[in-house]
Every structure is written in structure tokens, then in C-alpha cells.
Amino acid sequence: MPIILGTAGHIDHGKTTLVRAITGIDCDRLDEEKRRGITIELGFAYCDLPNGQRLGIVDVPGHERFVKNMVAGAAGIDLVMLVIAADEGVMPQTREHLEICSLLGIRAGFVALTKIDMVDAEWLGMVTEDVAEFLKGTFLEGAPILPVSSTTGEGMDALRAHLASAAQSLPKRDDGDLLRLPVDRVFTLKGHGTVVTGTVVSGAVTVGEDVVFMPAQLPSRVRSLQSHGSSAERIRRGQRCAVNVQGLDVADIERGFVLARPDSLFPSERWIVHLTCLSSAPRPLRHRTEVHFHHGSRECAARVFLIDRDRLAPGETALAEIRMKESMCGVFGDHCVIRAYSPLRTVAGGVIVSPLEVPLRKRDPLRQEKLEQLASLPEAGSPAALATHGAAPLVRTLLRLRGRTGASLALLKVLSGLGERPLEKSLQLLSAQGGAVCFDKESRHWISGTDFARLTEACLAQAAEFHRKEPLKPGMARGALLAGWAAGLPPKLAHIVVERAVKAGTLVAENDIVRLASHQVTLGANQSDLRERLRQAHDAAGITPPNLKEVLEELGVTPREAAPVLRLLCDEKALVKLKDGLYCSAPVMEDVLDKVRAWFAGHDNLDLAGLKEILNGLSRKYLVAIMEYMDREKITVRVGDARQYRGR
């Protein structure tokens, strides 16, 4: 497994010289660096350990003005070498660099006590004790302190031996399948074009594959790959990498962009972070404070919005929303660093809980539930919890936070930090338990079982409300059923909610009409009598529809009172509505249609004269209404002044 070693420490404590002594490579490549004798930009070197393992080294600047470059280089480091000069001891950037390493989640390393040729044994012993005391309470407490001299070579063999041992003892990491390479350099190579470099922090990149630079969403293709000067077909997590890309100029790409596969990362300007204010911070971190925000190799201006308090005291941890002035692409569990504007120093850092915005409006009835779910994510996503309980609890909570919109598998990878296989396994387990529902198999889109149940309740409530308002209607059109509760939902999700309710027997679907299974048309005594008398009046009228106004006056009923009963008679197929205010007995109309079909058996066209002949001299007013009814029902089609039979 490839290992990345990062240097850390104060300016002029010998980091670059020590790297050159280990590898033979001078990391100071800029003329200004050589002229001033300080490291300004990131430097890169490598060496092969005795076991054949390749060790990549990132040499970071020590000057306080270039700490942002140090943070960019620290992303992806497995092992840190904290360099402290024996003649000076612990200095301001020694402390800040160690704090940054801690905030970035680095948990393994050692101390190289350099320039021992410049001090005597007594001084060296005293400095060693001071360094050990300084390391107490940090992740390097108890770590080896190795005295070396890059000038005389004293202690170098012991340092190399420790590097080999430390590299072998590092826990194995899953490469993951989400390619991410934060860009820390962009340049042009003659004869090749644009080249970017960085450390592959997850996944692997292969020659010839399509890639995209996020968050700018610039598409490209990998032309060739190199790692420490050697060409490669594939480079995996933990390796330094130079990528020659097609179709983009140097000006198109910035440090901080992330090389990824298309549609795998999701830009956002708001993240939820589990934020810790450093114990060494000079003052509390206040709500709405403007800060320098660092993630991967990118830095941007941002504001810290504390969710449940007005200030975060040194040593305290709380949930916070980071609102950035530029979009960034993060993944659950990523580490970030916050530096204050004045004085310019590291004051806080944290772990990404949600790399996408989570709406937390104060009037949201689910706000407290969301906050509790967000607070539970770091524990649910910890290695110990994943090993003990699996990923299902984490995935269930993430789907709950997504609410009614749900999440695709690609989005869940970013929200959970999980690979595809464990994620799929968790989703299938949740599906079997009713904790998740896949509503789009093509895009592999999921929603939590709780939110699916809420949508089902809203759907049934819509149907119940319709039945309350229209008790005489047997049901409602599907479009009417989707009104309101399904607004903004993916169409496939709304469809599956209705279909599952039908399958469960709570809804009944008959053609395009849907109703609650419990719904029955119930008429009052007066309405039942009215229905029967209206039906009898139209049956008795035969082929000549009765005058509805006269019928209603005779029955002592207003048109408004009769309207729902007439609709019911049409729904029951007892009457046929020819036009407003004109109804015909359904059996009589069926007899008319039989005669029309018989006519077309021997004729190509039917006009008003022909229909009048069929219906024994019926009045033109009714003939026109019947003709228009047949057109509307797609029995005939109008051609000029005549009709032709669609059935032919």
C-alpha cells in the first residue's frame, strides 16, 4: 500500500534539507525559494523503503504567511514527520502545524529533532524533554523523538529504519470507489499540455477515462499518468499523481479543484460541520464570524453559523453551518480547518457531517428531529460503529435527513462516505425491514420508509378530502389525487406511492378513477328519490331528451341541488350528457349508436339528413347535440359537414 509522509514544523527548522537527505531530491523548485532559502510552495519527493514500499513525501512551507499552502499539502497525508530544530525547540508554527495535522485527522507520526550537530549533548537532552512535554495531550504523545543531522548524517539510519517500521504498522485503508484528487499544482508541460498534480485521497484514476474538475464541472479526459516520474496506467489512493488532461488550459483549472468522475460529486455552498474550537484559541469563535475555510487543497472565505449557541469557547465542540462564498465538494467524514482573519492563525477545525445544505428553519416542525439526527451522524459513521452495527443505521439517518426528496446512490456515497458495495448491502437490508424504498430502479433513487409513509398518508388524506367535498362522485382522476401533496416530487415517486396504496388495498383504481377503498356513494333520502325520478323522466322521454329546466321545476329542485345527482347518474351510466342542460337515457343512446354503426356498414359518410332518417325525423337541435357527442366520444370524426366512422 503506498504511503504519504508529510513534513510539518516551523520555518528554517530543516524540513526540506531533511527530505533531501532521505531521498536525494531537492523540493525547493522555485528560484525565489532557492534565493530566499525558505520553502514557499509545496514540494514533493519519494523514496523506496527496504520492503519495496514506495514512500511519497510532501514537504510543506513553515513560514506563517504560507500556512494555507501547508494545509493544502496536508490533505491525504498518512504519516506526519514533525520537524523541530534542536537549537530552537518548539516555535509558533510548530504548534500551529501540529494543531492543523490534528484537525485534519492525522493520527500517526513522529518527531525528527534536527540540527543536533549544532548543540551539545546536555542541550539536546533538555530540548528532547521539552518536546516530549509539548506533545502531551496531542496525537503524538509518546511518539518517537529521533535526533538527526542532515549535515553529518548522524541518526539518519535510525530515522530510515523507523520510517520503514511506521509505514508497515499503519492500518490498512479501503481505497473506496469514489475518485477524488484535490489539485495542488497546475502547469503546462511542453509537448503534453496541461498537467495537474495532487494526492489521490480515495478511489483510483485510470488512463483514458472521462473525468471532471469540480466544482467548476469542467469535463476532460485522462491522457496520461505519472507517479514520482514513472508512467502508470492506474494510480490509486495514497499515491502522488501527475495527470495530463485533455481539452483544458492551465487558466481553466485552479488549485483546490477536485478531479473526479462525472456525476459523482455535488457542489454546495453550505455544509454542516462538527466543529471544535482549539483549546489554544485566543478567544471564543462567535456566531457569524468570517473566517478562512480550508478543505482539501482549497481555501475560501466563509462564515460560521453556530446552530445552538452564540459562541464556541476554546475546547468546545458543536454543530455549525459553514456558509462559503464559493462552492466546494466534500464527502461525509472529511476534515476541514478554520483560520481567523485577525490575527491570522488556526482557531478551529472539524469533520463534515453533511456536505450538502440541510434546511434548518426555526419554524420547521422537524427542526429538532433533524438536529438530533445530525448530531448522531459522527458516531454512526465512526469505524467502531460501522464494525459493530454495520452501515444501515447511518444510511437510515441520512435518508431521513433527505426527507421527501430522497437520494440517489451516487448522492448517498457522498453523504455517507461509503463505497458502493457496503452501501448497496445496507439499502437492501433497510428495504427488507421497511426502512427504505427504492422508487426509481434506473437511477437507483431511494427514500426513507418514514418519509414514504408520510407521503402515503398525505395521498390518502387528499383522497379523503375529495370524498368529503364530492360525496356523490365514485372517485377522482389520478391527476386530482396528485394535487398538493405530490408538488415537487419526482413523478416516479408519486406514482409508486399511489401504486403501493392500491396494492395494499387502501386505494382502489378503476381505469383512470381512484378512490379510497372505504368510500361508498351515499345518498340522503331526498337525493335517492331525486335520482330515481330524474332517471325515470329521461327513460320515459326516449329519443327526445326532456327539457331539464321543466323537469326540475316540476320536481321542485334547483339546478344546484340537482347537479351532483346528475353527475352521479352519468357516472353510473344511467344517463349520457349530450351538452350542458341536455341529458339522454343511456340505454336509448346505446340504441342510437347501434343504428349509427349499422348505417356505416353500408355508407361512408353520415350527415344530419342521414341521422334524421335513422332517428325518424328527430329535431335538428337534438341531432346536432348527438353528432357532437359522437365526435367527443371519438365514435365519429367530422369531415366537412359530414361524419366518418372512426371504427373503420
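**A helix across a sheet, and what lies elsewhere**

Reply: Helix H12 (residues 449-469) lies across S27, S28 and S29 and runs at about 95 degrees to S29. Such angles are taken between N-to-C directions on a scale from 0 to 180 degrees, with axes fitted as lines to C-alpha atoms, for helices over the stretch in contact. Helices (H or I, at least four residues) and strands (E, at least two) are DSSP runs, numbered from the N terminus. The model is predicted: local features need pLDDT of at least 70, side-chain atom pairs count only at pLDDT 80 or more, and totals for chains, interfaces and linings use all residues. Residues are numbered from 1 along each chain as its sequence is written, and side-chain values use heavy atoms, with hydrogens and water left out.

Now the sheet under discussion. Its three strands are ordered S27-S29-S28, in an open sheet with antiparallel pairing. Strand S27 (476-477) and strand S28 (507-510) are the edges, each pairing on one side only. Two strands count as paired if DSSP finds at least two bridges between them. S27 and strand S29 (residues 513-516) have two bridges and run antiparallel. Met 476 has Val 514 in S29 as its bridge partner. Strands of a sheet pair through backbone hydrogen bonds, either parallel or antiparallel.

Strand S22 (residues 335-340) is mostly covered, with five of its six residues buried. Buried means under 20% relative accessible area, exposed means over 50%, and partly exposed is in between (1.4 Å probe, protein chains only). Strand S18 (residues 289-295) joins S22 through five bridges, and the two run antiparallel. His 295 stands opposite Cys 336 in S22. S22 also has five bridges to strand S23 (residues 346-354), again antiparallel. Here Ile 338 faces Ala 348 in S23 as its opposite number. S22 and S23 make a hairpin, with five residues between them.

Leu 319 sits in strand S21 (residues 317-328). Its relative accessible area is 12%, so Leu 319 is buried. Apart from neighbours within four places in sequence, its contacts include Ile 272, Val 273, His 274, Val 353, Leu 371 and Leu 374. Contact means heavy atoms within 4.5 Å. The C-alpha atoms of Leu 319 and Lys 362 are 15 Å apart, and the two residues are 43 apart along the chain.

Leu 374 also takes part in a meeting of two helices, H7 and H9. The axes of helix H7 (residues 367-380) and helix H9 (residues 392-402) come within 10 Å and cross at roughly 150 degrees. H7 and H9 are therefore roughly antiparallel. The cut-offs are: under 35 degrees roughly parallel, over 145 roughly antiparallel, 65 to 115 roughly perpendicular, and the rest oblique. The H7 and H9 crossing is left-handed. That label applies if the near helix is turned anticlockwise from the far one by less than a right angle; clockwise gives right-handed. Among the H7 residues that meet H9 are Glu 369, Leu 374, Leu 377 and Ala 380. On the H9 side, the residues include Leu 394, Leu 398 and Leu 401.

Last, the charged pairs. The whole structure holds 40 salt bridges. A salt bridge is a side-chain nitrogen of Lys or Arg within 4 Å of a carboxyl oxygen of Asp or Glu.

Arg 261 and Glu 209 form one, at 2.8 Å from N to O. Arg 261 lies in the loop between strand S15 (258-260) and strand S16 (268-277), and Glu 209 in the loop between strand S9 (204-206) and strand S10 (210-214), so the pair ties together parts 52 residues apart in sequence. Arg 261 is partly exposed at 28%. Glu 209 is buried at 15%.

In another bridge, the closest N and O atoms of Arg 298 and Glu 254 are 4.0 Å apart. This pair links distant parts of the chain, 44 residues apart: Arg 298 is in strand S19 (residues 298-306), and Glu 254 is in the loop between strand S14 (240-245) and S15. Arg 298 is buried at 9%. Glu 254 is partly exposed at 43%.

A local example is Arg 535 with Asp 539, at 2.8 Å from N to O. The two are four residues apart in helix H15 (residues 525-541), so about one helical turn separates them. Both are partly exposed: Arg 535 at 27%, Asp 539 at 32%.

Salt bridges also form a network that links Asp 177, Lys 413, Glu 420, Glu 424 and Arg 444.
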